[in-house]
Amino acid sequence: MSSDCIFCKIANKELNTEFIYEDDKVVAFNDLSPQAPVHFLVIPKKHYSSMNDITSKEAFGDIFSAIPKIAEKLGIKEYRTVVNTGVSAGQTVFHIHVHVMSGREFTWPAG
Ligand code: 5GP
Ligand code: ZN
């Protein structure tokens with residue numbers, strides 16, 4: 001837990017954010033500023049500032065293995081997943097999160 005981290009506060013249920021999924025390692029919730037009809041974030045409960053801070057396969061497994069379960073629950077089969085790592089890549093919240101977006105066409109390469 002990092003006391004000044006907004007996503008730690010969310011994971012810790014301090015902000016009353018509604019979870020669309022929770023297990024013992026991760027939570028998922030809708031993005032405050034959705035970029036697609038479906039746009040949620042999957043975060044580990046444990047604080048890692050970015051992808052670069054994750055050293056265990058288990059942490060990646062916990063985060064990514066939750067995604068198809070959530071997708072099934074929401075009834076979505078096609079979706080874009082994005083992890084921004086570092087300021088130049090667009091990271092603004094320094095608690096690792098995977099964006100999952102669906103419900104529209106996506107272009108490639110991402111901008
Ligand atoms: P990043 O730019 O770091 O990849 O993504 C951070 C995301 O977190 C942004 O899409 C932003 O809209 C979202 N976000 C930031 N603060 C909050 C918040 O307090 N609640 C929710 N639900 N999303 C947030
Ligand atoms: Zn955090």
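Predicted model: local features only at pLDDT ≥ 70, side-chain atom pairs only at ≥ 80, totals over all residues.
Biologist: Which residues come nearest to ligand 1?

Modeller: There are 16 residues around ligand 1, and the nearest of them are Asp 31, Asn 84, Gly 90, Thr 92 and His 99.

Biologist: How much of the accessible area of ligand 1 does the protein cover?

Modeller: On its own, ligand 1 has 520 Å² of accessible area, of which the protein covers 82%.

Biologist: What is the make-up of the shell around ligand 1 by class?

Modeller: The shell holds 8 polar residues, 7 nonpolar residues and 1 charged residue.

Biologist: Which element gives the most to that shell?

Modeller: Helix 1 does, with 3 residues. Both helix 1, residues 6-11, and strand 2, residues 26-30, supply at least two residues each.

Biologist: Let us turn to the aromatic rings. How many aromatic pairs are there?

Modeller: The count is 1 aromatic pair. Its members are Phe 7 and Phe 29, in an edge-to-face arrangement with 5.4 Å from centre to centre and 80° between the planes.

Biologist: Why is that pair called edge-to-face?

Modeller: The angle between the planes of Phe 7 and Phe 29 is 80°, and planes over 60 degrees apart count as edge-to-face, so the pair falls in that class.

Biologist: Which parts of the chain does the pair link?

Modeller: It links distant parts: Phe 7 belongs to helix 1 and Phe 29 to strand 2, and the two are 22 residues apart. Helix 1 and strand 2 also each supply at least two residues of the ligand 1 shell.

Biologist: A change of topic, to the backbone. Which residues other than glycine have a positive phi?

Modeller: Among them are Lys 13, with phi near 65°, and Asn 16, with phi near 60°. Lys 13 is in the loop between helix 1 and strand 1, the latter being residues 19-22, and Asn 16 also lies in the loop between helix 1 and strand 1. Most residues other than glycine have a negative phi.

Biologist: And is the peptide bond from Trp 108 to Pro 109 cis or trans?

Modeller: That bond is cis, with omega near 0°. Pro 109 is located in the segment after strand 5, which covers residues 98-102.

How values were computed: Residues numbered from 1 in each chain as written. Chains lettered and ligands numbered in written order. Heavy atoms only, no water. Near = heavy atom within 4 Å. Areas by Shrake-Rupley, 256 points an atom, 1.4 Å probe, with all protein chains shown as cover. Helix = DSSP H or I, 4+ residues; strand = E, 2+ residues; numbered from the N terminus. Nonpolar A, V, L, I, M, F, W, Y, C, P; charged D, E, K, R; others polar. Phe/Tyr/Trp six-rings, centres within 6.5 Å; stacked < 30°, edge-to-face > 60°.
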